[in-house]
Amino acid sequence: MFGLDPTLITFVVYILGMLLIGVLAYYYTNSLSDYILGGRRLGSFVTAMSAGASDMSGWLLMGLPGAVYLTGLVEGWIALGLTLGAYLNWLFVAGRLRVYTEINNNALTLPEYFHHRFGAGRSTLKIVSASVILVFFTIYCASGVVAGAKLFQNLFAVQYSTALWYGAFATIAYTFIGGFLAVSWTDTIQATLMIFALILTPVMVIVALGGIDALSAVLNQAESVAHKDFTDIFGQTTTLGLLSLAAWGLGYFGQPHILARFMAADSVKSLTNARRISITWMILCLVGAIGIGFFGIAYFYAQPQAAATVNQEPEQVFIELAKLLFNPWIAGVLLSAILAAVMSTLSCQLLISSSAISEDFYKGFIRPQASEKELVWLGRAMVLLIAAVAIWIAQDEHSKVLQLVQFAWAGFGSAFGPVVLFSLFWKRMTASAALAGMLVGALTVFGWKSVIAPTSPWYGVYEMIPGFGAACLAIIAVSLLSAAPEAAVINTFEQAKKAYKEAL
């Protein structure tokens, strides 16, 4: 069907390697804590690389380079916002969340943490937060399935509907088998592969065009023909448009798949080194992704006969460059980086979604006395169910990876970000305020995207801005209008605050 070409061989070896890690992790998975958080024993390096890889999905190698290829360096504002948001998330949230979740009944998931942080007598908060996870993660998972499908479709000339299943299987298998440990261990390998591809490819474009001066000359010609300044970091975008790009950084405070990495660290102190490693990795990857899209403008202007695919589908710019600039064996390794990005994020999202069902719904409300083995196998079954729904959503081959990620990112950032921040820093925050913030954030994102933006002059404003802001206002207003939290809730908050200071 494909033929035994080097790219196929590289892909098969890579996938088999990931499955082998999944099998190995299976033997270290003895409880639900192991399956969901790896038993809270990840060291700083694995925590850093796993957080980075689970964050940077297929959009890093497809969505962002494609956006830069289409419009120029103005898209770099996304990278700036993401870097700042990620750094602040590591600095202010990581260590506190690691301690606060442990103090609050050793919570394994965000819904469970919210449930115990604001008083375990109420179940509504747990149900709503778990539901938010299922809704937005299913959309997020669909973006990974789309990216994987486009990769297989491009490389192996199969129908999109067929490629959909190949890409999904590669990720689902090792997540199903090994759980969080498999995901974290493979993330470390995949993060290394991603940074290698993102640094090497822009360098090879420069070499192929004859150096920086030659690249600059070709780029000037391309700008003259397109009547566009690709180097203009402000472009034709308004101030609100630039803020919308930078506002991606707000989303970090509410991403369950990233926050889970903080919760799984072996100690607060290890998170300091993890922050340095992760941010360095992230900056290099983002610069590389921007370089691929930007230098790709010059390359495909100089090679118009090779530009048909990219001009039709800009998100394929990295795939096409890898195929054109490298021999098939090296290209296979580089293109495995896209599969790595997809697998690392999709696997984590599937795991978090399955834990929302097994831990937060099933154990929380249906079978509180369920055994560890029963919960682990239920979690595995839910991985398959959620993956099936994501595949169904991803059936449209015209779907854009970045657009799907953009919406899900805003949903989590607005629904969970303010709740997480206020829960860690403000003891006066109430359960009603947490619920209000969550609902207002999520509903504002949906309302803005589907109703307000398309019919108003605010069309270009990213839904993260109104969603995050409205959630913050709701939390403050409802907290001040509600009765103060119970003494037990305040005492637990103070205990966690003291434990965090002692852990530094």
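Predicted model: local features only at pLDDT ≥ 70, side-chain atom pairs only at ≥ 80, totals over all residues.
Residues are numbered from 1 along each chain as its sequence is written, and side-chain values use heavy atoms, with hydrogens and water left out. Local features need pLDDT of at least 70 and side-chain atom pairs count only at pLDDT 80 or more, whereas totals for chains, interfaces and linings use all residues.

The chain contains 20 helices and zero strands; these are DSSP runs numbered from the N terminus (helices: H or I, at least four residues; strands: E, at least two). Of its 504 residues, 61% are buried, that is, under 20% relative accessible area with a 1.4 Å probe and protein chains only, where over 50% is exposed and in between is partly exposed. Contact is defined by heavy atoms within 4.5 Å. Among contacts between residues at least 6 apart in sequence, 86% join residues at least 24 apart.

Helix H14 spans residues 317–325. Seven of its nine residues are buried, so H14 is largely enclosed by the rest of the structure. The buried residues are Val-317, Phe-318, Ile-319, Glu-320, Leu-321, Ala-322 and Leu-325. Phe-318 has a relative accessible area of 0%. Leaving aside residues up to four places away in sequence, Phe-318 touches Leu-61, Ala-197, Thr-201, Ile-292, Leu-334, Leu-335 and Ile-338. Leu-334 is 16 residues from Phe-318 along the chain, and their C-alpha atoms are separated by 9.4 Å.

In helix H10 (residues 239–246), the buried residues are Gly-241, Leu-242, Ser-244 and Leu-245. Viewed down the helix axis, they fall within an arc of 155° and so line one face of H10; the arc is taken over the directions from the helix axis to the C-beta atoms. Helix H5 (76–103) and helix H19 (464–481) are among the elements that cover these buried residues.

Helices H7 (residues 124–156) and H18 (residues 431–452) pack at an angle of about 25°, and their axes are 10 Å apart. Axes are lines fitted to C-alpha atoms, for helices over the stretch in contact, and angles run from 0 to 180 degrees between N-to-C directions. H7 and H18 are therefore roughly parallel, a class that takes angles under 35 degrees. The contact involves residues of H7 including Val-128, Val-132 and Phe-136, and residues of H18 including Leu-435, Met-438 and Phe-446. By class, 12 nonpolar, two polar and no charged residues take part in the contact of H7 with H18; Ala, Val, Leu, Ile, Met, Phe, Trp, Tyr, Cys and Pro count as nonpolar, Asp, Glu, Lys and Arg as charged, and the others, Gly among them, as polar.

Terms used:
Parallel < 35°, antiparallel > 145°, perpendicular 65-115°, else oblique.
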